[in-house]
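Colleague: I am new to this structure and would like to learn how to read it. Could you walk me through it, one feature at a time?

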Amino acid sequence: MDPATIGLIAFAFMLILLAMRVPIAFALIGVATAAAFMIFALRTGTFMPERAFRATSAMVFSNSFDLIHSFDLSMIPLFVALGNIAYKAGITTAVYNSARVWLVQLRGGVAMASVIGCGGFSAISGSSVACASTMGKICTPEMLRLGYDPKLATSSVAAGGTLGSLIPPSVLFIIYAIFTETSVSKLFVAGVLPGILTLLGFLLVIAAWIAIDPKVAPAKEAPASREEKIQAAKEAWPAALIFLIIVVGIYGGFFTATAAAAVSVVVTTAIGFMQRRLSLPDLWHAVRDTVIQTSSLFIVAAAAKIFVSAIALTGIAPALVQAVSEAQLSPAMLLFCICLVYILLGMFLDPIGIMVLTLPLMIPLVEANGMDLIWFGVVVVKLLEIGLITPPVGLNVFVLANVVGKEAPVGTIFAGIWRFLAVDLVVLALIVSFPAISLILSEAVK
(Lines give C-alpha, C1' and ligand atoms only; values in the text may rest on other atoms or scores of the structure.)
Protein backbone atom coordinates (compact mmCIF):
# COMPACT_ATOMS: atom_id res chain seq x y z
CA MET A 1 0.00 0.00 0.00
CA ASP A 2 1.51 3.34 -1.06
CA PRO A 3 1.66 6.34 1.34
CA ALA A 4 -0.91 8.37 -0.63
CA THR A 5 -3.50 5.61 -0.23
CA ILE A 6 -2.76 5.43 3.49
CA GLY A 7 -3.24 9.20 3.66
CA LEU A 8 -6.63 9.04 1.94
CA ILE A 9 -7.77 6.27 4.29
CA ALA A 10 -6.53 8.38 7.24
CA PHE A 11 -8.63 11.33 6.06
CA ALA A 12 -11.69 9.11 5.70
CA PHE A 13 -11.24 7.70 9.21
CA MET A 14 -10.76 11.21 10.56
CA LEU A 15 -14.06 12.39 9.12
CA ILE A 16 -15.83 9.30 10.48
CA LEU A 17 -14.42 9.82 13.97
CA LEU A 18 -15.36 13.51 13.98
CA ALA A 19 -18.87 12.66 12.78
CA MET A 20 -19.09 10.25 15.73
CA ARG A 21 -18.19 13.16 18.04
CA VAL A 22 -14.87 11.69 19.12
CA PRO A 23 -12.86 14.55 20.72
CA ILE A 24 -10.81 16.12 17.97
CA ALA A 25 -7.47 15.83 19.80
CA PHE A 26 -7.87 12.09 20.31
CA ALA A 27 -9.04 11.59 16.72
CA LEU A 28 -6.08 13.55 15.32
CA ILE A 29 -3.46 11.79 17.44
CA GLY A 30 -4.93 8.33 16.88
CA VAL A 31 -5.29 8.61 13.11
CA ALA A 32 -1.96 10.39 12.60
CA THR A 33 -0.04 7.88 14.71
CA ALA A 34 -1.63 4.91 12.96
CA ALA A 35 -1.00 6.41 9.51
CA ALA A 36 2.63 7.22 10.30
CA PHE A 37 3.19 3.75 11.76
CA MET A 38 1.85 2.10 8.60
CA ILE A 39 3.98 4.29 6.33
CA PHE A 40 7.17 3.58 8.29
CA ALA A 41 6.36 -0.14 8.54
CA LEU A 42 5.76 -0.44 4.78
CA ARG A 43 8.72 1.70 3.70
CA THR A 44 10.65 -1.27 2.30
CA GLY A 45 7.60 -2.75 0.57
CA THR A 46 7.20 -5.42 3.23
CA PHE A 47 5.28 -4.93 6.46
CA MET A 48 7.97 -4.67 9.14
CA PRO A 49 6.41 -3.21 12.33
CA GLU A 50 9.63 -3.50 14.34
CA ARG A 51 11.12 -0.71 12.20
CA ALA A 52 8.15 1.63 12.73
CA PHE A 53 7.96 1.98 16.52
CA ARG A 54 10.99 4.21 16.99
CA ALA A 55 10.32 6.41 13.95
CA THR A 56 6.64 6.87 14.85
CA SER A 57 7.32 7.71 18.50
CA ALA A 58 10.05 10.17 17.46
CA MET A 59 7.64 11.94 15.11
CA VAL A 60 4.88 12.14 17.73
CA PHE A 61 7.00 13.35 20.63
CA SER A 62 9.29 15.70 18.71
CA ASN A 63 6.35 17.48 17.04
CA SER A 64 4.52 17.82 20.35
CA PHE A 65 7.62 19.14 22.11
CA ASP A 66 8.45 21.65 19.36
CA LEU A 67 4.92 23.03 19.27
CA ILE A 68 4.41 23.37 23.02
CA HIS A 69 7.73 25.21 23.26
CA SER A 70 6.80 27.57 20.42
CA PHE A 71 7.06 31.23 21.47
CA ASP A 72 4.08 32.19 19.27
CA LEU A 73 1.87 29.73 21.13
CA SER A 74 2.28 31.78 24.31
CA MET A 75 -0.17 34.27 22.83
CA ILE A 76 -3.05 31.85 23.29
CA PRO A 77 -3.03 31.71 27.11
CA LEU A 78 -2.39 35.46 27.25
CA PHE A 79 -5.35 36.36 25.06
CA VAL A 80 -7.60 33.78 26.74
CA ALA A 81 -6.62 35.27 30.11
CA LEU A 82 -7.32 38.75 28.74
CA GLY A 83 -10.88 37.79 27.82
CA ASN A 84 -11.55 36.07 31.14
CA ILE A 85 -10.14 38.90 33.25
CA ALA A 86 -11.95 41.57 31.21
CA TYR A 87 -15.22 39.71 31.67
CA LYS A 88 -14.72 39.36 35.43
CA ALA A 89 -13.85 43.07 35.63
CA GLY A 90 -17.04 44.05 33.78
CA ILE A 91 -15.10 45.63 30.91
CA THR A 92 -16.82 43.60 28.19
CA THR A 93 -20.27 44.21 29.67
CA ALA A 94 -19.59 47.97 29.73
CA VAL A 95 -19.29 47.99 25.93
CA TYR A 96 -22.82 46.63 25.57
CA ASN A 97 -24.20 48.95 28.26
CA SER A 98 -22.61 51.97 26.60
CA ALA A 99 -23.96 51.05 23.16
CA ARG A 100 -27.39 50.42 24.65
CA VAL A 101 -27.54 53.89 26.22
CA TRP A 102 -26.53 55.58 22.98
CA LEU A 103 -28.88 53.55 20.73
CA VAL A 104 -31.89 53.13 23.03
CA GLN A 105 -33.88 55.83 21.22
CA LEU A 106 -33.71 53.83 17.97
CA ARG A 107 -36.22 51.10 17.26
CA GLY A 108 -34.14 47.96 17.51
CA GLY A 109 -31.42 49.83 19.39
CA VAL A 110 -30.96 47.09 21.98
CA ALA A 111 -30.46 44.48 19.23
CA MET A 112 -27.91 46.76 17.56
CA ALA A 113 -26.21 47.29 20.92
CA SER A 114 -25.95 43.52 21.34
CA VAL A 115 -24.05 43.24 18.04
CA ILE A 116 -21.76 46.12 19.01
CA GLY A 117 -21.28 44.49 22.41
CA CYS A 118 -20.29 41.27 20.65
CA GLY A 119 -17.79 43.26 18.58
CA GLY A 120 -16.35 44.79 21.74
CA PHE A 121 -16.16 41.43 23.47
CA SER A 122 -14.50 39.96 20.38
CA ALA A 123 -11.89 42.71 20.41
CA ILE A 124 -10.82 41.44 23.84
CA SER A 125 -11.57 37.73 24.08
CA GLY A 126 -10.69 36.39 20.61
CA SER A 127 -13.23 33.57 20.90
CA SER A 128 -16.48 33.45 18.93
CA VAL A 129 -18.07 30.74 21.04
CA ALA A 130 -17.19 32.52 24.30
CA CYS A 131 -18.60 35.73 22.85
CA ALA A 132 -21.90 34.09 21.87
CA SER A 133 -22.21 32.38 25.25
CA THR A 134 -21.38 35.42 27.39
CA MET A 135 -23.28 38.03 25.40
CA GLY A 136 -26.20 35.62 25.12
CA LYS A 137 -26.49 35.60 28.90
CA ILE A 138 -26.34 39.40 29.02
CA CYS A 139 -28.31 40.58 25.99
CA THR A 140 -30.83 37.94 24.97
CA PRO A 141 -32.91 37.78 28.20
CA GLU A 142 -33.21 41.58 28.18
CA MET A 143 -34.36 41.69 24.55
CA LEU A 144 -36.94 38.96 25.17
CA ARG A 145 -38.17 40.83 28.25
CA LEU A 146 -38.55 44.04 26.24
CA GLY A 147 -40.68 42.25 23.62
CA TYR A 148 -38.25 41.54 20.80
CA ASP A 149 -39.16 38.68 18.47
CA PRO A 150 -37.14 35.62 19.61
CA LYS A 151 -35.75 35.15 16.09
CA LEU A 152 -34.25 38.65 16.10
CA ALA A 153 -33.16 38.55 19.74
CA THR A 154 -31.21 35.32 19.37
CA SER A 155 -29.95 35.40 15.79
CA SER A 156 -28.42 38.86 16.24
CA VAL A 157 -26.33 37.59 19.18
CA ALA A 158 -25.42 34.30 17.46
CA ALA A 159 -24.24 36.21 14.39
CA GLY A 160 -22.55 38.94 16.43
CA GLY A 161 -20.60 36.27 18.29
CA THR A 162 -18.85 35.26 15.08
CA LEU A 163 -17.04 38.61 15.04
CA GLY A 164 -14.58 37.03 17.47
CA SER A 165 -13.09 35.13 14.54
CA LEU A 166 -12.05 38.22 12.56
CA ILE A 167 -11.68 41.12 14.97
CA PRO A 168 -8.29 40.82 16.67
CA PRO A 169 -7.19 39.09 18.77
CA SER A 170 -8.37 35.83 17.20
CA VAL A 171 -7.38 32.35 18.33
CA LEU A 172 -8.05 31.07 14.81
CA PHE A 173 -5.57 33.57 13.37
CA ILE A 174 -2.94 32.43 15.89
CA ILE A 175 -3.41 28.77 14.95
CA TYR A 176 -3.36 29.62 11.23
CA ALA A 177 -0.14 31.60 11.69
CA ILE A 178 1.58 28.76 13.57
CA PHE A 179 0.76 26.15 10.94
CA THR A 180 1.50 28.36 7.91
CA GLU A 181 4.49 30.19 9.44
CA THR A 182 2.99 33.61 8.69
CA SER A 183 2.97 36.74 10.83
CA VAL A 184 0.35 36.82 13.58
CA SER A 185 0.64 40.59 13.75
CA LYS A 186 -0.13 40.96 10.03
CA LEU A 187 -3.08 38.59 10.33
CA PHE A 188 -4.52 40.49 13.29
CA VAL A 189 -4.37 43.81 11.45
CA ALA A 190 -5.66 42.23 8.22
CA GLY A 191 -8.82 41.15 10.04
CA VAL A 192 -9.76 44.66 11.25
CA LEU A 193 -11.46 46.05 8.12
CA PRO A 194 -13.30 42.80 7.23
CA GLY A 195 -14.46 42.61 10.85
CA ILE A 196 -15.76 46.19 10.80
CA LEU A 197 -17.48 45.56 7.45
CA THR A 198 -19.21 42.51 8.92
CA LEU A 199 -20.32 44.42 12.01
CA LEU A 200 -21.77 47.27 9.91
CA GLY A 201 -23.52 44.71 7.71
CA PHE A 202 -25.15 43.08 10.75
CA LEU A 203 -26.39 46.48 11.97
CA LEU A 204 -27.87 47.10 8.52
CA VAL A 205 -29.64 43.73 8.64
CA ILE A 206 -31.29 44.62 11.95
CA ALA A 207 -32.39 48.03 10.67
CA ALA A 208 -33.80 46.56 7.44
CA TRP A 209 -35.51 43.68 9.27
CA ILE A 210 -37.32 46.07 11.60
CA ALA A 211 -38.20 48.47 8.76
CA ILE A 212 -39.85 45.63 6.82
CA ASP A 213 -41.54 44.05 9.86
CA PRO A 214 -41.86 46.56 12.75
CA LYS A 215 -43.54 43.97 14.97
CA VAL A 216 -40.25 42.17 15.62
CA ALA A 217 -39.02 45.02 17.85
CA PRO A 218 -40.74 47.05 20.57
CA ALA A 219 -41.49 50.74 20.21
CA LYS A 220 -38.72 53.26 20.82
CA GLU A 221 -37.70 53.86 24.39
CA ALA A 222 -37.17 57.32 25.88
CA PRO A 223 -33.78 58.65 24.80
CA ALA A 224 -31.04 58.78 27.40
CA SER A 225 -29.94 62.14 28.70
CA ARG A 226 -26.70 63.73 27.64
CA GLU A 227 -25.21 63.05 31.07
CA GLU A 228 -26.16 59.36 30.84
CA LYS A 229 -24.53 59.08 27.41
CA ILE A 230 -21.33 60.74 28.61
CA GLN A 231 -21.21 58.49 31.67
CA ALA A 232 -21.81 55.38 29.54
CA ALA A 233 -19.03 56.38 27.16
CA LYS A 234 -16.67 56.92 30.09
CA GLU A 235 -17.40 53.44 31.42
CA ALA A 236 -16.43 51.87 28.09
CA TRP A 237 -12.98 53.49 27.91
CA PRO A 238 -11.08 50.41 29.21
CA ALA A 239 -12.26 48.29 26.27
CA ALA A 240 -11.25 51.03 23.82
CA LEU A 241 -7.84 51.29 25.46
CA ILE A 242 -7.24 47.54 25.24
CA PHE A 243 -8.26 47.50 21.58
CA LEU A 244 -5.87 50.39 20.87
CA ILE A 245 -3.01 48.59 22.63
CA ILE A 246 -3.55 45.52 20.47
CA VAL A 247 -4.31 47.03 17.07
CA VAL A 248 -2.53 50.41 17.13
CA GLY A 249 0.36 48.93 19.11
CA ILE A 250 0.89 46.21 16.51
CA TYR A 251 0.14 48.45 13.50
CA GLY A 252 2.47 51.18 14.76
CA GLY A 253 5.28 48.74 15.44
CA PHE A 254 5.27 49.42 19.19
CA PHE A 255 4.47 45.81 20.12
CA THR A 256 4.66 42.35 18.69
CA ALA A 257 1.42 40.39 19.01
CA THR A 258 2.78 38.53 22.03
CA ALA A 259 3.93 41.73 23.72
CA ALA A 260 0.56 43.37 23.03
CA ALA A 261 -1.17 40.41 24.68
CA ALA A 262 1.06 40.60 27.76
CA VAL A 263 0.67 44.37 28.13
CA SER A 264 -3.10 44.10 27.67
CA VAL A 265 -3.38 41.49 30.44
CA VAL A 266 -1.44 43.69 32.86
CA VAL A 267 -3.43 46.81 31.94
CA THR A 268 -6.76 44.99 32.20
CA THR A 269 -5.91 43.57 35.61
CA ALA A 270 -4.75 46.98 36.87
CA ILE A 271 -7.92 48.69 35.60
CA GLY A 272 -10.10 46.01 37.19
CA PHE A 273 -8.50 46.52 40.61
CA MET A 274 -8.40 50.29 40.22
CA GLN A 275 -12.14 50.42 39.47
CA ARG A 276 -12.78 47.92 42.28
CA ARG A 277 -14.65 45.63 39.90
CA LEU A 278 -12.07 42.86 40.10
CA SER A 279 -11.30 41.02 43.32
CA LEU A 280 -8.63 38.44 44.11
CA PRO A 281 -11.22 35.59 43.98
CA ASP A 282 -12.37 36.91 40.58
CA LEU A 283 -8.79 36.93 39.33
CA TRP A 284 -8.27 33.39 40.63
CA HIS A 285 -11.40 32.17 38.78
CA ALA A 286 -10.24 33.93 35.60
CA VAL A 287 -6.80 32.27 35.82
CA ARG A 288 -8.36 28.87 36.55
CA ASP A 289 -10.68 29.17 33.53
CA THR A 290 -7.71 30.26 31.42
CA VAL A 291 -5.70 27.18 32.40
CA ILE A 292 -8.60 24.86 31.55
CA GLN A 293 -9.34 26.51 28.19
CA THR A 294 -5.68 26.82 27.22
CA SER A 295 -4.95 23.19 28.06
CA SER A 296 -7.67 21.99 25.71
CA LEU A 297 -6.43 24.29 22.94
CA PHE A 298 -2.81 23.17 23.41
CA ILE A 299 -3.79 19.50 23.23
CA VAL A 300 -5.66 20.14 19.98
CA ALA A 301 -2.76 22.18 18.57
CA ALA A 302 -0.22 19.49 19.42
CA ALA A 303 -2.45 16.80 17.91
CA ALA A 304 -2.87 18.92 14.80
CA LYS A 305 0.89 19.33 14.44
CA ILE A 306 1.31 15.54 14.60
CA PHE A 307 -1.44 15.12 12.01
CA VAL A 308 0.21 17.65 9.67
CA SER A 309 3.52 15.75 9.91
CA ALA A 310 1.79 12.46 9.15
CA ILE A 311 0.08 13.96 6.11
CA ALA A 312 3.44 15.27 4.90
CA LEU A 313 4.72 11.67 4.92
CA THR A 314 1.88 10.56 2.64
CA GLY A 315 2.81 12.89 -0.22
CA ILE A 316 -0.86 13.82 -0.74
CA ALA A 317 -0.19 17.57 -0.85
CA PRO A 318 2.25 17.58 -3.80
CA ALA A 319 0.10 15.02 -5.60
CA LEU A 320 -2.94 17.30 -5.15
CA VAL A 321 -0.99 20.30 -6.43
CA GLN A 322 0.04 18.33 -9.50
CA ALA A 323 -3.53 17.14 -10.11
CA VAL A 324 -4.90 20.69 -9.90
CA SER A 325 -2.12 21.92 -12.19
CA GLU A 326 -2.96 19.25 -14.77
CA ALA A 327 -6.66 20.15 -14.51
CA GLN A 328 -5.67 23.72 -15.48
CA LEU A 329 -8.13 25.35 -13.09
CA SER A 330 -8.04 29.12 -13.08
CA PRO A 331 -7.19 30.78 -9.73
CA ALA A 332 -10.79 32.04 -9.50
CA MET A 333 -12.23 28.55 -10.03
CA LEU A 334 -9.74 27.05 -7.57
CA LEU A 335 -10.70 29.61 -4.95
CA PHE A 336 -14.38 28.94 -5.56
CA CYS A 337 -13.82 25.23 -4.99
CA ILE A 338 -11.85 25.94 -1.81
CA CYS A 339 -14.63 28.18 -0.48
CA LEU A 340 -17.21 25.52 -1.28
CA VAL A 341 -15.20 22.90 0.63
CA TYR A 342 -14.96 25.13 3.69
CA ILE A 343 -18.65 26.02 3.64
CA LEU A 344 -19.65 22.35 3.35
CA LEU A 345 -17.29 21.30 6.15
CA GLY A 346 -18.51 24.23 8.24
CA MET A 347 -21.99 22.73 8.25
CA PHE A 348 -20.77 19.74 10.25
CA LEU A 349 -17.39 20.38 11.92
CA ASP A 350 -15.99 22.91 14.39
CA PRO A 351 -13.61 25.64 13.10
CA ILE A 352 -10.38 24.29 14.60
CA GLY A 353 -11.14 20.82 13.27
CA ILE A 354 -11.72 22.20 9.78
CA MET A 355 -8.53 24.23 9.89
CA VAL A 356 -6.21 21.40 10.92
CA LEU A 357 -7.81 19.02 8.43
CA THR A 358 -7.61 21.33 5.43
CA LEU A 359 -4.52 23.52 5.82
CA PRO A 360 -2.00 20.73 5.02
CA LEU A 361 -3.69 20.37 1.63
CA MET A 362 -4.87 23.92 0.91
CA ILE A 363 -1.69 25.86 1.64
CA PRO A 364 0.44 24.11 -1.04
CA LEU A 365 -2.35 24.80 -3.58
CA VAL A 366 -2.55 28.45 -2.58
CA GLU A 367 1.23 28.94 -2.71
CA ALA A 368 1.48 27.14 -6.07
CA ASN A 369 -1.03 29.62 -7.51
CA GLY A 370 0.75 32.67 -6.14
CA MET A 371 -1.96 33.71 -3.67
CA ASP A 372 -1.07 35.83 -0.64
CA LEU A 373 -1.12 33.73 2.54
CA ILE A 374 -2.19 36.67 4.75
CA TRP A 375 -5.16 37.41 2.50
CA PHE A 376 -5.99 33.70 2.28
CA GLY A 377 -5.89 33.51 6.07
CA VAL A 378 -8.59 36.19 6.28
CA VAL A 379 -10.65 34.31 3.68
CA VAL A 380 -10.32 31.05 5.63
CA VAL A 381 -11.27 32.63 8.94
CA LYS A 382 -14.24 34.37 7.30
CA LEU A 383 -15.37 30.99 5.94
CA LEU A 384 -14.97 29.44 9.39
CA GLU A 385 -16.97 32.35 10.81
CA ILE A 386 -19.78 31.56 8.36
CA GLY A 387 -19.68 27.92 9.45
CA LEU A 388 -20.38 28.94 13.06
CA ILE A 389 -23.95 29.94 12.12
CA THR A 390 -24.60 27.63 9.16
CA PRO A 391 -27.14 24.83 9.65
CA PRO A 392 -27.36 22.02 10.52
CA VAL A 393 -24.45 22.33 13.01
CA GLY A 394 -23.87 26.02 13.64
CA LEU A 395 -21.82 25.93 16.84
CA ASN A 396 -22.76 29.46 17.94
CA VAL A 397 -26.44 28.69 17.41
CA PHE A 398 -26.34 25.60 19.63
CA VAL A 399 -24.31 27.41 22.30
CA LEU A 400 -26.85 30.25 22.38
CA ALA A 401 -29.80 27.86 22.39
CA ASN A 402 -28.26 26.16 25.41
CA VAL A 403 -27.90 29.53 27.16
CA VAL A 404 -31.41 30.80 26.37
CA GLY A 405 -33.27 27.53 26.92
CA LYS A 406 -36.88 26.88 25.94
CA GLU A 407 -37.62 30.51 25.02
CA ALA A 408 -35.65 30.17 21.78
CA PRO A 409 -34.91 26.65 20.51
CA VAL A 410 -32.37 25.94 17.78
CA GLY A 411 -35.00 26.07 15.03
CA THR A 412 -36.06 29.57 16.05
CA ILE A 413 -32.49 30.87 15.93
CA PHE A 414 -31.81 29.30 12.54
CA ALA A 415 -35.06 30.84 11.24
CA GLY A 416 -33.59 34.29 11.78
CA ILE A 417 -29.94 33.59 11.04
CA TRP A 418 -30.23 33.44 7.22
CA ARG A 419 -30.36 37.24 6.98
CA PHE A 420 -27.00 37.54 8.70
CA LEU A 421 -25.60 34.69 6.61
CA ALA A 422 -26.48 36.67 3.48
CA VAL A 423 -24.39 39.60 4.74
CA ASP A 424 -21.52 37.24 5.58
CA LEU A 425 -21.53 35.94 2.02
CA VAL A 426 -21.51 39.48 0.62
CA VAL A 427 -18.54 40.41 2.82
CA LEU A 428 -16.78 37.19 1.78
CA ALA A 429 -17.31 38.09 -1.88
CA LEU A 430 -15.84 41.55 -1.24
CA ILE A 431 -12.78 40.12 0.54
CA VAL A 432 -12.18 37.63 -2.28
CA SER A 433 -12.74 40.18 -5.06
CA PHE A 434 -10.79 43.01 -3.45
CA PRO A 435 -7.80 41.63 -1.49
CA ALA A 436 -6.81 45.20 -0.58
CA ILE A 437 -9.58 45.19 2.05
CA SER A 438 -7.45 42.71 3.99
CA LEU A 439 -3.98 43.78 2.91
CA ILE A 440 -4.07 47.59 2.96
CA LEU A 441 -3.39 47.74 6.70
CA SER A 442 -1.35 44.57 7.11
CA GLU A 443 1.23 45.64 4.53
CA ALA A 444 2.33 48.44 6.85
CA VAL A 445 3.08 46.00 9.69
CA LYS A 446 6.69 44.84 9.94
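**Reading the features**

Modeller: Gladly! Let us begin with the rings: the structure holds 6 aromatic pairs. Rings of Phe, Tyr and Trp (its six-membered ring) pair if their centres lie within 6.5 Å; planes under 30 degrees apart count as stacked, over 60 as edge-to-face and the rest as tilted. One of the pairs is Phe 11 with Phe 307, which is edge-to-face, at 5.7 Å centre to centre and 80° between the planes. This is a predicted model, where local features need pLDDT of at least 70, side-chain atom pairs count only at pLDDT 80 or more, and totals for chains, interfaces and linings use all residues. Residues are numbered from 1 along each chain as its sequence is written, and side-chain values use heavy atoms, with hydrogens and water left out.

Colleague: Which parts of the chain does the pair of Phe 11 and Phe 307 link?

Modeller: Distant ones: Phe 11 is in helix α1 (residues 3–19) and Phe 307 in helix α15 (residues 280–314), 296 residues apart. Helices (H or I, at least four residues) and strands (E, at least two) are DSSP runs, numbered from the N terminus.

Colleague: Is Phe 307 buried or exposed?

Modeller: Buried means under 20% relative accessible area, exposed over 50%, and partly exposed in between (1.4 Å probe, protein chains only). Phe 307 has a relative accessible area of 1%, so it is buried. Phe 11 also counts as buried, at 15% relative accessibility.

Colleague: What sits over the ring of Trp 209?

Modeller: A charge sits over a ring if NZ of Lys or CZ of Arg is within 6 Å of the ring centre and within 35 degrees of the ring normal. Here the charged end of Arg 419 sits over the ring of Trp 209, 3.8 Å from its centre. Trp 209 also belongs to a cluster with Phe 202 and Phe 420, linked by ring pairs.

Colleague: How do I check the span of α15?

Modeller: The expected span of a helix is 1.5 Å times one less than its number of residues. For the 35 residues of α15 that gives 51 Å, and its end C-alpha atoms are 51 Å apart, which agrees. Just after α15, Gly 315 takes a positive phi of about 75°.

Colleague: At what angle do the axes of α2 and α15 cross?

Modeller: Axes are lines fitted to C-alpha atoms, for helices over the stretch in contact, and angles run from 0 to 180 degrees between N-to-C directions. The axes of α2 and α15 come within 8 Å and cross at roughly 25°.
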